[in-house]
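Welcome! Have a look at the sequence and the model below, and then let us walk through the structure together.

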Amino acid sequence: MNIIVINGSPSLKKGMTYQLISNFIKGCESAGATVEQIDLQTMKPKFCLGCMHCFYSKDHLCVHKDGMAEVHQKILKADYMVMATPVYADGVSGQMKTFMDRFVPLIDVRFEIVYGHYRHIKLHEKLPKVALLSVAGFYEMDNFDAVEEHVKKFTLHIQSEFVGSVLRPSSYILGMDQIFTDDVKKIKEGIVRAGAELVKNGAFSQDTLDQVSNTPIDKEMWLLGSNKFHEKCLEAGKFLPL
Ligand SMILES: Cc1cc2nc3c(=O)[nH]c(=O)nc-3n(C[C@H](O)[C@H](O)[C@H](O)COP(=O)(O)O)c2cc1C
């Protein structure tokens with residue numbers, strides 16, 4: 001089984017998205033999958049120009065020559081495409097949005113009716129199924145609502161199938177293994193298990209998703225701790241290590 005992971009976090013290895021991705025990939029590989037990760041921040045795909053060239057040209061290629069066509073070839077060979085993004089301003093990161101806009105070369109401009117809704121015709125018989133990995137800085141799970149809805153709608157847009165979301169709120173807990181040692185260990189084990197479940201079952205179990213999203217402190221403690229940290233950063237004039 002081939003899995004392609006699209007990393008939409010600009011933080012790369014320093015980020016909490018990376019923690020989610022690296023543990024998830026561990027799980028996928030332990031279950032026998034071959035995984036390739038694409039870091040959009042390194043690749044730097046250009047913004048879609050809206051020129052429609054890729055829709056109408058014979059080769060369906062984008063005018064930008066920035067490596068995205070090669071990524072599209074890899075996507076076409078994958079069984080799953082895992083879209084990993086932090087929540088930014090209640091949405092996906094700019095990197096991930098650019099990736100989604102640049103998907104147009106893989107769809108046909110013409111329309112058909114699918115379950116009563118007009119969709120672009122499939123250009124390729126098989127596109128990979130889609131899973132979402134996301135981290136949010138805030139506490140509540142509803143901070144993922146817009147991102148999850150967007151990625152689900154995107155999946156319909158490209159006429160593929162959405163298989164589920166692995167979501168980690170209070171993302172910075174992932175970097176606090178010195179303070180919350182056992183809790184962080186459990187969360188990371190849950191993420192690894194989610195990766196293995198994707199490969200073995202094509203879906204995530206609710207127990208696993210709950211283990212990944214569990215925050216080991218209550219809301220009031222979270223507020224106090226967060227603001228204390230932010231005040232220290234404000235005093236120092238920079239983002240301090242966790
Ligand atoms: C520009 C920006 C906007 C953000 N907006 C939100 C938000 O709307 N909701 C939220 O829960 N977290 C928000 N966050 C927090 C990030 O989701 C969080 O810091 C996450 O860990 C970032 O991913 P990374 O660690 O991979 O960089 C925002 C962070 C940044 C930098």
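## Around the ligand

The ligand is surrounded by 16 residues, and the closest are Gly15, Pro86, Ala136, Gly137 and Phe138; a residue counts as near if its C-beta atom, placed from the backbone, lies within 6 Å of the molecule. This shell is made up of 8 nonpolar, 7 polar and 1 charged residues. Here Ala, Val, Leu, Ile, Met, Phe, Trp, Tyr, Cys and Pro count as nonpolar, Asp, Glu, Lys and Arg as charged, and the others, Gly among them, as polar.

A word on the source: this is a predicted model, in which local features need pLDDT of at least 70 and side-chain atom pairs count only at pLDDT 80 or more, while totals for chains, interfaces and linings use all residues. Residues are numbered from 1 along each chain as its sequence is written.

## The sheet

An open sheet of 5 strands runs in the order S2-S1-S3-S6-S7, with parallel pairing. Strands are DSSP runs of E with at least two residues, helices are runs of H or I with at least four, and both are numbered from the N terminus; two strands pair if DSSP finds at least two bridges between them. At the edges are strand S2 (34-39) and strand S7 (162-168), each pairing on one side only.

Strand S1 (residues 2-7) pairs with S2 over 6 bridges in the parallel sense, and Asn2 has Thr34 in S2 as its bridge partner.

## The core

The largest nonpolar core has 54 residues, and Val5, Ile6 and Val82 have the most contacts inside it. Helix H1 (residues 16-30) gives the most to this core, with 6 residues. Such a core is a set of buried Ala, Val, Leu, Ile, Met, Phe, Trp, Tyr and Cys residues joined through C-beta atoms within 7 Å. In soluble globular proteins, nonpolar side chains tend to be buried together.

## A buried serine

Ser9 lies in the loop between S1 and H1. Ser9 is buried because 26 other C-beta atoms lie within 10 Å; buried calls for 20 or more such atoms within 10 Å, exposed for 12 or fewer, and partly exposed falls in between, with C-beta atoms placed from the backbone.

## A hairpin in the open

Strand S4 (residues 107-114) and S5 run antiparallel, joined by 5 bridges. They form a hairpin with 2 residues between them, and Tyr115 in the turn has a positive phi of about 45°. Of the 6 residues of strand S5 (residues 117-122), 0 are buried, so S5 lies largely in the open.
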